[in-house]
Amino acid sequence: MKAELPPDRIPVIAGVGEIADHPKDIAQGLEPLALLEAAVRRAGDDSAATLTREIDSLDIVNFLSWRYHDPEQQLATRLGVTPRHCYYGPVGGESPIRFIHEAALRIARGESQVAVVCGAEAQSTATKAARAKLELPWTPFASDAPEPKRGAAFQKPLATQLGVARPITVYPLYEAATAAHWGQTPRQALDESGVLWSRYAEAAAANPNAWIKRGFTPDEITTPSADNRLIAWPYTKLMVANPSVNLGAAVLLTSLAKAREAGIADDKLIYIHGGASAEEPRDFLARDQFVQSHAQNAVLDTIKSLVGGDGRAFDAIELYSCFPVVPKMARRTLGLGDDVQPTVTGGLTFFGAPLNTYMTHAACAMVRKLRGGGKLGLLYGQGGFVTKHHALVVSRTPQCEALSESVSVQARADAAYGEVPPFITDATGDGTVESFTVIYTGRGEVEHGVVVLRTSGGARTLARVPAQDQATLAFLTNMDRSPIGTRGEITIGADGVPELRAAS
């Protein structure tokens, strides 16, 4: 018979706090540090206020709407604490789940007693103030502080030149490739996205902290209109992350012993059962294919093994939702049907996308869901360009065994990799379409198409489809037949950039 775990080594989520700031006067909008402080204090109120005075571990999710010198130290000062672990993290949508997992491990090792993971953005206010040329009464912008390194920094020059070095233009490449791989026509894939996204909207409509609190039908989401323009084929505005929000969230963790000592009722405590993480190469063109993510598969397959090998064991799930292809891939790896309820929060389009910290809000929503009657929850976060993946199993019931220190499943992901084709920029002749998208202007007009191609020699390249080549664009965007696997002619444009013309 196994010995019971000592209560001071059992990590629990004891409190959550959120804030949504909708200032009537732009100048009254709260800055990210103020949102962080408010969220942490609300998490303290949700657990036991005394715990926020004992914070010894503080993680802040990277924010992009404002820049500070040492924001983690500034927040600690505002809270009146001097944590031994005080960290401001790098860019990554998976980072809140990673920080929660790491905080739980520190508690399990006896290195921490009270930990907080928090994040905030005030992009809505910052953008409106910039447009109005209004100087906000915030902590001065630290223009000399290091700028966060984002995914575009890791991409090839040709990808940057053609506009496929941003999430909104890279994820559609996975969208087109996966749909063809699954045997879907583009119309069928779009229909699946619309139904899935309408479920996110439905959850957001019921979430008091959501930025957009109304439901949308699948057709409203997928049909281009004046208010729902195409951004990058096949994604419309209502199918992409919405960063123009002012939101903050905090998760407070402690040990079971400390929670009981603070007088927190057992039915408010949520236990950490384990998790996993892995990454893809940062340069998306240095991957073997675009029909799946080996890192995502490794993480979610490991998560399934923690719950008996069946993804249907979860009562509640949060599948990261920057763009539809991510939860579509995830639900297939988990073995979930197309009737899946993918969120407890509302998604990055409708709840809002406070950039890297959406999953902090998802953790808050999951805690409320489990306290309300659910038993087992899955939090899956993702960052970069289908790059960084971290998932966590949480539950109302205690873990029977000590929390495993084995978090990385990178070796499993790497072992699944196939040969990566060499990348060239001077291809000519025949090319086979591996994936593609079409980029649109702010007025909804075609800017140009971008195609990922395999050459007759087995190399990979990128090619542009000029806006005036309507025949090739029409071929690519045919809703009833995928162009993946078809051939075309690669030539070099006047500016030295490869261009593709579809075969007649």
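Predicted model: local features only at pLDDT ≥ 70, side-chain atom pairs only at ≥ 80, totals over all residues.
Residues are numbered from 1 along each chain as its sequence is written, and side-chain values use heavy atoms, with hydrogens and water left out.

The largest pocket holds about 1,400 Å³ of space. Its lining takes in 49 residues, and Arg150, Pro167, Ala241, Pro243 and Leu355 sit nearest the centre. Two or more lining residues come from each of α4 (123-131), α6 (167-181), α12 (347-351) and β10 (376-383), with α4 giving the largest share, 5 residues. A pocket here is an open set of points on a 1 Å grid over the protein atoms alone, where a 1.4 Å probe fits, with protein on both sides within 12 Å along at least five of seven lines; lining residues have an atom within 4 Å of a point. Grid points are joined across faces, edges and corners, and the volume is the space filled by probe spheres set on them. Helices (H or I, at least four residues) and strands (E, at least two) are DSSP runs, numbered from the N terminus.

## The second pocket

Next comes the second largest pocket, at about 420 Å³. It has 22 lining residues, and those nearest its centre are Ala316, Gln341, Thr343, Val344 and Lys369. The elements giving two or more residues to this lining are α7 (186-205), β9 (316-319) and α13 (358-371). Sorted by class, the lining has 10 nonpolar, 5 polar and 7 charged residues.

## Salt bridges

The structure holds 32 salt bridges (a side-chain nitrogen of Lys or Arg within 4 Å of a carboxyl oxygen of Asp or Glu). Arg98 and Glu102 make one of them, with their closest N and O atoms 3.9 Å apart. The two are 4 residues apart in helix α3 (residues 95-109), so about one helical turn separates them. Arg98 counts as buried at 19% relative accessibility, while Glu102 is partly exposed at 30%. Buried means under 20% relative accessible area, exposed over 50%, and partly exposed in between (1.4 Å probe, protein chains only).

Glu434 bridges to Arg454, with the closest N and O atoms 3.2 Å apart. That pair links distant parts of the chain, 20 residues apart: Glu434 in strand β12 (residues 429-440) and Arg454 in strand β13 (residues 446-455). Glu499 and Arg464 also form a salt bridge, at 2.8 Å between the closest N and O atoms, and both residues are buried. There's a network too, linking Glu31, Glu37, Arg41 and Arg78.

## Strands around β13

β13 is largely enclosed by the rest of the structure, because 7 of its 10 residues are buried. β12 and β13 run antiparallel, joined by 9 bridges (strands pair if DSSP finds at least two bridges between them). Val438 stands opposite Gly449 in β13. Their hairpin has 5 residues between the strands, and Gly444 takes a positive phi near 80 degrees there.

β13 also pairs with β14, again antiparallel, over 7 bridges, and Val451 stands opposite Ala463 in β14. In this hairpin, with 4 residues between the strands, Gly458 has a positive phi near 95 degrees.

How values were computed
Nonpolar A, V, L, I, M, F, W, Y, C, P; charged D, E, K, R; others polar.
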